[in-house]
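Student: I'm new to this one, so please pick out the oppositely charged side chains that pair up and walk me through them slowly. I'd also like to see what surrounds one such pair.

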Amino acid sequence: MNHHCYSQRQLEFIEPRVYEIRERVFPVAKPLRIVNVASVPQRSPFRYPGGKTWLVPYARLWLRSLPAPVEELIEPFAGGAIIGLTAAFERLAERVTLVEIDSDIAAVWQTILNGRGNWLADRIVNFKLTSSSARNVIGSPRITLWEKAFATIVRNRVQRGGILAPGAGLMKRGENGNGIASRWYPETLGKRIRAIVTVKDRIQFIEGDGITHLENNVSRPEVAYFIDPPYTKAGRRLYKHSEVDDRYLFSLAKQLRGDFLMTYDNTRQVVKLADEFGLHWQAISMKNTHHTKMTELLIGRNLDWLSGEVRSRLISP
């Protein structure tokens, strides 16, 4: 049973509904409707499992609801970094810090942000993609950081679901029978990377552990945190680094001086942790990479920015 206490404003939009998770059932708030991702600017060069393009309108509302301009937005599990990129492009924060432990993904962000972004864009645009050329790039030794970045982008675009974890295979039929080239949009990727280069002075990248970075910044009230850890159910299949101590992360989030928005899979375990640490949660509808309708949880210290008039503007047809 959920014993979470809601404010009157939250009760205006919460409607109990029961969802079955494995063999257990528990009540959750009625999920907010699915955001049309076609209306959201596509800024990341990654096709990333667990990507948060669908969350962008909510993240905008959250950041704009904060009482003062956000001095820094920290994204400790950056991945495709769509929320951090949105904040940088739309000046929702004065600066953005992306943290990622995966060395392959880190190579991409380091290359784009540290002077080789235009080289990477040109390399993508001029690459002739075939099954053979993709395998050659993926299997060749990476002599330089930027070559590693290029190989990572190729892998991300030709492997099933964009999965970079060990063991992921190449696409076969792909979309509309286009095979390995189904997700290879070289001109579009080049434009996205060049656009990121234009705002790179607002973005800092750190290759490292997101939990450690949160610990090092826990006492900073001027910082906002977007926390999107590997999820409890699918993390091992999707990510090279998927082990997170969920209880410790919730405890750490509770201690943050600055405001935070956290996303998690919608499970009984996660709801119990949110309730245990006195955090608010709300189910949000989304679609995964296979276009299956699902719900995820938004978790924060206060979700009043989701209620009333603000919420109705966001989800109106």
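Tutor: Let's start with D201, which counts as exposed at 76% relative accessibility (over 50% is exposed, under 20% buried and anything in between partly exposed, using a 1.4 Å probe and protein chains only). Keep in mind that this is a predicted model, where local features need pLDDT of at least 70 and side-chain atom pairs pLDDT 80 or more, while totals for chains, interfaces and linings use all residues. Residues are numbered from 1 along each chain as its sequence is written, and side-chain values use heavy atoms, with hydrogens and water left out.

D201 has a partner, K200, and the two form a salt bridge with their closest N and O atoms 3.9 Å apart (a side-chain nitrogen of Lys or Arg within 4 Å of a carboxyl oxygen of Asp or Glu). K200 is partly exposed, with a relative accessible area of 27%. The whole structure holds 15 salt bridges.

Now look at D259 and R301, another salt bridge, again with 3.9 Å between the closest N and O atoms. This one ties together distant parts of the chain, 42 residues apart: D259 sits in the loop between helix 10 (246–255) and strand 7 (260–265), R301 in the loop between strand 9 (293–300) and helix 12 (308–315) (helices, H or I, of at least four residues and strands, E, of at least two are DSSP runs numbered from the N terminus). R301 is partly exposed at 30%. Elsewhere, shared partners join E71, E72, R95, R220 and E222 into one salt-bridge network.

R60 is buried at 17%, whereas E90 is partly exposed at 23%.

What surrounds R60? Along with V56, A59 and L63 of helix 2, R60 meets I82, I83, T86 and A87 in helix 3 (contact means heavy atoms within 4.5 Å). That contact counts six nonpolar residues, one polar and one charged. Helix 2 (residues 56–65) packs against helix 3 (residues 82–89) at about 55°, with the axes 10 Å apart.

Technical notes
Axes fitted to C-alpha atoms, helices over the stretch in contact; angles between N-to-C directions. Nonpolar A, V, L, I, M, F, W, Y, C, P; charged D, E, K, R; others polar.
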